[in-house]
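Please keep the structure in view while I talk.

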Amino acid sequence: GICPVNPVRGVELFQAPRKERFLSGEEIRRLGEALGAAEKAGTNPYAIAALRLLVLTGARKMEILGLQWPWVDFERGTLRLPDSKTGAKAIPLGAPALAVLRTLPRIQGSPYVFPATKGNGHLIGLPCVWQGIRTTASLENVRLHDLRHSFASVAVAGGDSLYLVGKVLGHSAARTTEKYAHVHDDPLRAVADRAARRIAAALDGGKGTVVKLRKRGR
């Protein structure tokens with residue numbers, strides 16, 4: 001009973017305009033203030049941490065919400081996802097992102113970094129929390145996915161190459177850059193670290209502290 005051909009073959013799809021929104025430095029500062037206010041008001045700390053991690057890593061929403069502790073490599077500063085939108089994936093982490101993860105308590109019996117408030121799954125109510133945060137920060141037209149765009153824009157604005165930023169975000173490599181696929185994780189982590197530090201400083205209103213990364217072998 002399965003149709004042997006695609007019934008919509010040949011139909012032209014409507015070309016919707018691409019929605020890309022990048023937060024400015026001032027907007028990131030307001031976001032940091034809103035996150036701090038929500039934290040003091042008793043908002044779910046896991047939701048606040050998830051939002052911080054999204055903007056500090058450029059990861060996709062479900063890559064963060066579905067994150068499990070066995071996938072967090074603190075020693076190498078990397079999230080090692082067994083599956084994602086583009087397959088198995090390693091996400092390099094900057095020092096501020098690692099600091100967020102280290103503050104999170106582990107819930108006995110749950111493998112999730114961001115556990116659900118009820119049941120055994122992971123956190124699912126992030127969009128509702130985000131709606132309140134972005135209203136407080138006057139970012140009404142900003143989507144969760146725009147935090148990923150903002151990470152990339154901060155990295156590129158800081159002088160990092162499009163290729164390395166693409167690798168940090170897990171974009172599929174273009175054919176013209178496939179010969180560079182052997183690039184080591186360290187420069188990728190450096191890109192993630194520089195971008196995350198700049199965002200962390202803006203979130204903290206320019207009062208952030210610098211955390212030195214430990215070099216391998218020391």
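This is a predicted model: local features need pLDDT of at least 70, side-chain atom pairs count only at pLDDT 80 or more; totals for chains, interfaces and linings use all residues.

Let me begin with a definition: a salt bridge here is a side-chain nitrogen of Lys or Arg within 4 Å of a carboxyl oxygen of Asp or Glu. By that criterion, the structure holds nine salt bridges. Residues are numbered from 1 along each chain as its sequence is written, and side-chain values use heavy atoms, with hydrogens and water left out.

Which residue forms a salt bridge with Glu-63? The partner is Arg-60, with the closest N and O atoms 3.2 Å apart, and both Glu-63 and Arg-60 are buried.

Arg-143 bridges to Asp-146 with the closest N and O atoms 2.8 Å apart; Arg-143 counts as partly exposed at 33% relative accessibility, whereas Asp-146, at 0%, counts as buried. Arg-80 bridges to Asp-73, the closest N and O atoms being 3.4 Å apart, and here Arg-80 is partly exposed with a relative accessible area of 34%, while Asp-73 is buried at 16%. Elsewhere, Glu-26, Arg-29, Arg-30 and Glu-33 are linked in a network of salt bridges.

Helices (H or I, at least four residues) and strands (E, at least two) are taken as DSSP runs, numbered from the N terminus, and the protein comes to eight helices and three strands, following the pattern α-α-α-β-β-β-α-α-α-α-α along the sequence. Two strands are said to pair if DSSP finds at least two bridges between them. The three strands form an open, antiparallel sheet in the order S1-S2-S3, with strand S1 (72–73) and strand S3 (89–92) at the edges, each pairing on one side only. Strand S2, residues 78–81, pairs with S3 in the antiparallel sense over four bridges, and Arg-80 stands opposite Ala-90 in S3.

Now to the interior. Of the 218 residues in the protein, 42% are buried. A nonpolar core means a set of buried Ala, Val, Leu, Ile, Met, Phe, Trp, Tyr and Cys residues joined through side-chain atoms within 4.5 Å. The largest such core has 58 residues, and those with the most contacts inside it are Leu-31, Leu-79, Leu-101, Phe-114, Leu-126 and Ile-133. Helix H2 (residues 45–57) gives the largest share of this core, ten residues.

What does Leu-101 touch, if we do not count residues up to four places away in sequence? Taking contact to mean heavy atoms within 4.5 Å, Leu-101 touches Leu-53, Leu-67, Trp-69, Val-72, Phe-74, Leu-79, Leu-93 and Val-113. Across the protein, among contacts between residues at least 6 apart in sequence, 66% join residues at least 24 apart.

Note on methods:
Buried means under 20% relative accessible area, exposed over 50%, partly exposed in between (1.4 Å probe, protein chains only).
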